[in-house]
Amino acid sequence: QVQVVESGGGVVQAGGSLRLSCAASGRTFSIFGMGWFRQAPGKEREFVAAISWSGTNTIYADSVKGRFTISRDSAKNTVYLQMNSLKPEDTAIYYCATDGLSPDGTSRLEASYAYWGQGTQVTVSS
């Protein structure tokens with residue numbers, strides 16, 4: 001059993017920055033990686049970024065590459081999503097999840113992630 005908790009959401013102006021945190025606990029030995037997804041009103045949930053548990057591998061959605069950075073703090077079992085140059089289209093509920101299937105610890109597929117957090121709202125105003 002793995003528990004996941006996101007935090008750090010809020011309201012920012014376009015061009016601003018925000019850092020989200022995701023803490024995992026429980027059966028962390030079974031975690032290969034962690035990922036971030038987001039869902040905007042009226043839209044499907046989409047992949048944002050992922051990182052292997054070791055921190056060696058990272059992947060990003062094209063829409064956020066160059067603006068967002070995913071990182072990890074092994075001592076805290078925590079993954080961060082640093083979001084810079086935010087745009088109104090980044091407005092969404094952001095979810096963190098643990099990947100227990102992908103050998104390299106990174107996946108763009110929702111099916112790879114078994115345990116999900118409650119989500120944190122990010123709103124970017126123009």
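Over the ring of which residue does the charged end of Arg19 sit? I looked this up first. The charged end of Arg19 lies over the ring of Tyr80, 4.3 Å from its centre. For this I required NZ of Lys or CZ of Arg within 6 Å of the ring centre and within 35 degrees of the ring normal. I also recorded Arg45, whose charged end sits over the ring of Tyr95, 5.8 Å from its centre.

**Note on the model.** I worked with a predicted model, in which local features need pLDDT of at least 70 and side-chain atom pairs count only at pLDDT 80 or more, while totals for chains, interfaces and linings use all residues. Residues are numbered from 1 along each chain as its sequence is written, and side-chain values use heavy atoms, with hydrogens and water left out.

**Disulfide.** I searched the whole structure for disulfides (cysteine sulfur atoms within 2.5 Å) and found 1. Cys22 is joined to Cys96, with an S to S distance of 1.9 Å. The pair links distant parts of the chain, 74 residues apart: Cys22 belongs to strand β3 (residues 18-26) and Cys96 to strand β9 (residues 92-99). Strands (E, at least two residues) and helices (H or I, at least four) are DSSP runs, numbered from the N terminus. The torsion about the S-S bond of Cys22 and Cys96 is about -85°, so I noted the disulfide as left-handed. Both Cys22 and Cys96 are buried; buried means under 20% relative accessible area, exposed over 50%, and partly exposed in between (1.4 Å probe, protein chains only).

**Aromatic rings.** I found 4 aromatic pairs in the structure. Ring centres of Phe, Tyr and Trp (its six-membered ring) must lie within 6.5 Å; planes under 30 degrees apart count as stacked, over 60 as edge-to-face and the rest as tilted. Phe37 and Phe47 are edge-to-face, at 5.5 Å centre to centre and 75° between the planes. Phe37 is in strand β4 and Phe47 in strand β5, so this pair ties together parts 10 residues apart in sequence. Phe37 is buried at 1% relative accessibility, and Phe47 is buried at 11%.

Tyr113 is buried at 4%, whereas Trp116 is partly exposed at 24%. Phe37, Phe47, Tyr113 and Trp116 form one aromatic cluster.

**Glu44.** Is Glu44 buried or exposed? I found Glu44 exposed, with a relative accessible area of 70%. Glu44 is in the loop between β4 (33-39) and β5 (46-52). Not counting residues up to four places away in sequence, Glu44 touches Arg38 and Gln39, where contact means heavy atoms within 4.5 Å.
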